[in-house]
Each structure stands twice: as C-alpha cells, then as structure tokens.
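Reader: Could you walk me through this model and explain the terms used for it as we go?
Author: Gladly; let us look at it together.
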Amino acid sequence: MQIDLNADLGEGCANDEMLLTLVSSANIACGWHAGDASTMRQSVRWALRNRVAIGAHPSFPDRENFGRSAMHLPPEDIINGMLYQLGALDAIARAEGAQLVHVKPHGALYNQAANDGQLADAICTAVKLFNPQLALFGLAGSELIKAAARAGLTAIEEVFADRGYQADGSLVPRNHPGALIDDETAALNQTMQLIKDKQVTAVDGSRVQVNAQTVCLHGDGAHALAFAQHIRTRLQAEQIAVQAPA
C-alpha cells in the first residue's frame, strides 16, 4: 500500500520546515490568504531539499480572514485570480529549478467548490488553461473532483487526519462541534481507517465510504507536528509507503 501525505505551507506556521521532512506533497500559499514572495521561495527551497512534490494553494482574495470567508464571485474573477496566483508561485518555482505538479484550493474556496459545481468548473478551467498536466486536489467525492474529471484533469481525492466528517462525506464546518480533532489517538485512528478501510466514522456514528488518495496534515494546530510524526511512524510500522501521486 501507499499514500500521499500533504501539508499546507507558507502560511506563517513555525512547523513548516519540520513538516516537510514528514510529507510527500506541499501546498504553498500564493499570497492571497497568507504568505508572500519570500515565504513562497523559502517553502520551495525546503520542499526541494526534502524531495517533496510542490503544489499551489490559491485562495479567495481574503487575507484579512485567512481565506475562510465565503465569497460569491463571477466565474471569470475566479479564473483570473487562480491564474494570477498560480503564475506567481510557478515563476518562483522555476527560478529555483523546480516545477509545480498540483493545485489545492484553500479554505472557503476549497469548501465551497466541494458543493458548488459552477465554482468547481471555474477552478478547473483556470488549472487547465494554466497547465493541464497539473493534478487537482479536492475533497474526496466532492463536486471539485467531479469537475476535474469533466475537465480532463487528474483528480486526487483528499481526506483529513484532523477534521470531523458529516454523514454525507463533507467536513464538519469549523464553527460547529466536532469540526477539529485535537486528540492524537483519535487523529491517528481516523487516518488509518481512511487509508486502510477507505471509510471514516462521521460525527453521528455512521460509516462513510471515501477514496483516500492523499491525507492532509494541517500545520497550524497546537499538536500538528506531533500528529504528523505519529502518523508517519504508524505508516512505516504498517509498511505503507508515503509517496506523492504519480
């Protein structure tokens, strides 16, 4: 067995350099919700040093709220904003002798696209215009995954080690009880259930089938680094290889 572990980087978290020794894919903030040219360049360098696949982590234009505010923008604005952010990171990656291999939307852009087919299509249009060889990370089973398939992009279905799930396979909203898992054992058990059983136990106790191709390890939680270290150790013990999607 093998699985991709990814982390969101360049968002002002002190754990970034250490997280890059534990994951196989990095999603680098492109400046609209966090980060800037310097953090992008440093993140690319760290990723190269650790042979980690580099991806863009674009957002709504919402730096004040870390990209977590819902927005309803015309498709053309979404496409333009995506191209702007992808271009910025791509230029820095190329200057460092690296290349982008995937895109993972951030925050509200990601969550809204999980349910909004029109928004998902706009995101996929931008990725295809920019580079149709880029893979697109999206919530497993979501509208974004379906839109990627319609666009002929490589879709990578993502699951979360430290987020609660609802019975329909969506994430529990961050402002609801059960949204965040802050217990190390619970996060580890959920991760192994997602990878080995291709299912997750929702907050109502039901079992939800999911296609786990990449697992997100958040870097901004109080126990984030410890979670990542224990998950990586457990995967090694179970002989599950950690590898970026081909």
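Author: This is a predicted model, and its largest pocket holds about 540 Å³ of space.

Reader: Which residues lie nearest the centre of the largest pocket?
Author: Of the 28 lining residues, Gly-107, Ala-108, Asn-111, Arg-163 and Arg-174 lie nearest the centre. Helix α4 (residues 107–113) gives the largest share of the lining, 5 residues. By class, the lining has 11 nonpolar, 10 polar and 7 charged residues.

Reader: How many aromatic pairs are there?
Author: The count comes to 2 aromatic pairs.

Reader: Why is the pair of Trp-32 and Tyr-84 called tilted?
Author: The ring centres are 5.7 Å apart, within the 6.5 Å limit. Trp-32 lies in the loop between β2 (25–29) and α2 (37–49) and Tyr-84 in helix α3 (residues 75–95), so the pair ties together parts 52 residues apart in sequence.

Reader: What makes Tyr-84 exposed?
Author: Its relative accessible area is 57%, and exposed means over 50%.

Reader: And why is the pair of Tyr-110 and Phe-160 called edge-to-face?
Author: Their planes stand at 85°, over the cut-off of 60, so the pair is edge-to-face, with ring centres 6.0 Å apart. Tyr-110 is in helix α4 and Phe-160 in strand β6 (residues 155–160), 50 residues apart.

Reader: How do you know that Tyr-110 is buried?
Author: Buried means under 20%, and Tyr-110 has a relative accessible area of 4%. Phe-160, at 3%, is buried too.

Methods: Residues numbered from 1 in each chain as written. Predicted model: local features only at pLDDT ≥ 70, side-chain atom pairs only at ≥ 80, totals over all residues. Heavy atoms only, no water. 1 Å grid on protein atoms, 1.4 Å probe; cavity = no way out; pocket = protein on both sides within 12 Å on 5 of 7 lines; lining within 4 Å. Points joined across faces, edges and corners; volume = space filled by probe spheres on them. Helix = DSSP H or I, 4+ residues; strand = E, 2+ residues; numbered from the N terminus. Nonpolar A, V, L, I, M, F, W, Y, C, P; charged D, E, K, R; others polar. Phe/Tyr/Trp six-rings, centres within 6.5 Å; stacked < 30°, edge-to-face > 60°. Buried < 20%, exposed > 50% of the residue type's maximum accessible area, 1.4 Å probe, protein only.
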